[in-house]
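The structure comes first, then the notes.

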Amino acid sequence: MINELLLQFAHWMEAQEYSQMLVAGYYSYSWLEATHVLTLMVSIGSLFIIDFRMLGWVMPNVPATTIAARLHKPMIIGFVIMFITGALLVYAKPVETIQSLWFRMKMILLLLAFINAWVFNNRLKSAEGNWDNDPVAPGPLRTGAIISLVLWCGVVTLGRYIPYDWVDCTNTTNTTILWAAGCVDQLNAL
Amino acid sequence: MLGSILSQYARSLAVFAAFLLMVLVESLGIREAIYPGLESFFNWMNQSSWLGVIGTTYGSVYATVEALHLLSMAVLGGTVLATDLRLLGIICKDVPSETLVTGTHKCFRWALLMAILTGIFCAAGVANKVYFMEVFWIKMLVLITGSCFMLFIKQPLLTSRPHAQINPWTIRLLAVTSMLIWFTVAATGRWIGFS
């Protein structure tokens, strides 16, 4: 049911004039994709420095909360640009993207990464004591940093897999993969 | 007298000499003479070297290494931005710039090493194509320039003395140059994918 609804929505988006313009433009799609990828340096670059600091890998002599607070703004700016360009990339090729297994897995990891970020921020605010000047953050914050690193590495890797067609709807007959990727037509044809 | 003055700027002079050498290589037609001879090496990289064979045979391995390349570029870009924006006085104003410069450099070097190693693998997988791409050669040139700039000019200068003793415009110039160089490296890398 959800797959049918998502496919209908994707077909509706694909029929939009602006969606077709984004793909048809010689440079528009490439510029979007380039901006999406290059903003990684701002968003994930800043995030990883914060995570590395929690683990004591960079600037152990600078208070951890100072690094987290000062890099928060550029990180958020980076993520906002990434989400806008990411949404436009989906809007440009909606059917292909929504029926991509990698895209769906990426969205799940993104969701988990945001939940982790929320938990991490709450832990950071509630962490008491004089650990701030310690080279390594307390255990729960270190765990949060490691989970963050793993999840974002997964998000980037799955994002890189999206253009590849190994498990595209037309390249597999495995029903589990077809269902997970939302290949409605192929499932109905079986 | 002249020797003592020049010895203070040995690294900068070495980088300038390298730049001059590149200009000579280009203007005297040396590059054009060498370029055809490199084609067989690039074909060997793609078809016979184990890096090229793995890259062309196993698409999933190639894509995963591409992701690692992106991640290392993200870390590299993060350290460059954090340092340079601090040098420009935009972020982390309450953290001494000296601390940030030394604190992120180790991370930068690891990210650069990782980006170069994964980049070699990625290039080997499509070596017979990138050889003909102008943007690939521009990226290589900027990458070499950037690495020399970071390791021989920016970092030695910024760690040689307290930043208060360095002309503020020199610091600003270093930061802007650094950001421009690494942005160009990343952007040309992205453009290789589109070409």
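## Chain B

Read from the N terminus, the elements of chain B follow the order α-α-α-α-α-α-α-α-α. Chain B thus contains 9 helices and 0 strands; helices (H or I, at least four residues) and strands (E, at least two) are DSSP runs, numbered from the N terminus.

The C-alpha trace of chain B spans about 55 × 40 × 25 Å along its principal axes. Of its 195 residues, 36% count as buried (20 or more other C-beta atoms within 10 Å of the residue's own, with C-beta atoms placed from the backbone). Taking contacts in chain B between residues at least 6 apart in sequence, 83% join residues at least 24 apart; a contact requires C-beta atoms, placed from the backbone, within 7 Å.

## Basis of the model

The model is predicted: local features need pLDDT of at least 70, side-chain atom pairs count only at pLDDT 80 or more, and totals for chains, interfaces and linings use all residues. Residues are numbered from 1 along each chain as its sequence is written, while chains are lettered from A and ligands numbered from 1 in the order in which they are written.

## Helices α4 and α5 of chain A

In chain A, the axes of helix α4 (residues 40-54) and helix α5 (residues 64-92) come within 7 Å and cross at roughly 155 degrees (axes are lines fitted to C-alpha atoms, for helices over the stretch in contact, and angles run from 0 to 180 degrees between N-to-C directions). Therefore α4(A) is roughly antiparallel to α5(A), the term for angles over 145 degrees.

The contact includes Leu47(A) and Ile50(A) of α4(A) and Leu71(A) and Phe79(A) of α5(A).

Notes:
Angles under 35 degrees count as roughly parallel, over 145 as roughly antiparallel, 65 to 115 as roughly perpendicular and the rest as oblique. Two residues are in contact if their C-beta atoms, placed from the backbone, lie within 7 Å. A residue is buried if 20 or more other C-beta atoms lie within 10 Å of its own, exposed if 12 or fewer, and partly exposed in between; C-beta atoms are placed from the backbone.
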